[in-house]
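Please look over the model below with these notes beside it.

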Amino acid sequence: ATVSPNSLSPGKAPPREPLSAVAMTGFGTFVGMCSLIAVDMSFCTNTGKEVVVLIAPMAASAALIFGAPVAPVSQPRNVIGGHFISATFGALTYKLICAYPLLKPAGSAIAATGSVVLMMLAGCFHPPSAATGLLGVLGPDWVKESGLMYGVQAATGASVMVVSGLVINNLLQGKKYPTYW
């Protein structure tokens, strides 16, 4: 007998989202990222430092907030808490372990792994935040040296994304976001 992919899994893939939902998700992501980049540019103007390092994990957060707003990983506690915990842990990992060049590979793995474990223990698991923790070790020097301030910056960026999600999801898409705080 021939084995087809459908015979290996008992369920079927869910139907595709309607084009209107896809367009609103794209619009929400656009607004969220524009808002985040505006805050980033303001920070850069005031400090001379670039926060652009956080843009990639925040884009992944935007995909969850606007594309899957009812998912547990998309809820404000998970988004903000996950980025704060991971950024702080990544920066502290750099200070304690990665300051020694020979330990940087292990420290990088510890930053990512520890971020995942700490988020799960704290009840605020948000997968994109693991990258935020890793950037605390592999990011530019100012990130590696900033310690707790990197956590505050990550939480601020995540808060901007959550507020964008509140506005776009509730007012324009008619979705209930968040489902819990």
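1. Start with helix α6, residues 129–138. Its buried residues are Ser 129, Ala 130, Thr 132, Gly 133, Leu 135, Gly 136 and Val 137. Buried means under 20% relative accessible area, exposed over 50%, and partly exposed in between (1.4 Å probe, protein chains only). That makes 7 of 10 residues, and α6 is mostly covered. Helices here are DSSP runs (H or I, at least four residues), numbered from the N terminus.

2. This is a predicted model: local features need pLDDT of at least 70, side-chain atom pairs count only at pLDDT 80 or more, and totals for chains, interfaces and linings use all residues. Residues are numbered from 1 along each chain as its sequence is written, and side-chain values use heavy atoms, with hydrogens and water left out.

3. What covers the buried residues of α6? The cover includes α3, α4, α5 (104–122), α7 (141–146) and α8. Contact means heavy atoms within 4.5 Å.

4. Take α4, residues 76–98, next. Two packed helices are described by the angle between their axes and the distance between the axes. The axes of α4 and α6 come within 7 Å and cross at roughly 25°. Axes are lines fitted to C-alpha atoms, for helices over the stretch in contact, and angles run from 0 to 180 degrees between N-to-C directions. The two helices are therefore roughly parallel (angles under 35 degrees).

5. Which residues of α4 meet α6? Among them are Val 79, Gly 82, His 83, Ser 86 and Thr 93. On the α6 side, the partners include Ser 129, Ala 130 and Gly 133. By class, this contact has 7 nonpolar, 9 polar and no charged residues. Ala, Val, Leu, Ile, Met, Phe, Trp, Tyr, Cys and Pro count as nonpolar, Asp, Glu, Lys and Arg as charged, and the others, Gly among them, as polar.

6. Check Thr 93 in α4. Is Thr 93 buried or exposed? Thr 93 is buried, with a relative accessible area of 4%. Not counting residues up to four places away in sequence, Thr 93 touches Cys 98, Gly 107, Ile 110, Ala 111 and Val 137.

7. Now the loop between α3 (55–67) and α4, which holds Pro 69. Pro 69 is buried, at 6% relative accessible area. Pro 69 and Gly 165 lie 96 residues apart in sequence, but 8.1 Å apart in space, C-alpha to C-alpha. Beyond four places in sequence, the contacts of Pro 69 include Asn 169, Lys 175 and Tyr 177.

8. Finish at Tyr 177. A cis peptide bond joins Tyr 177 to Pro 178, with omega about 0°. Pro 178 sits in the segment after α8 (148–172).

Conventions: Parallel < 35°, antiparallel > 145°, perpendicular 65-115°, else oblique.
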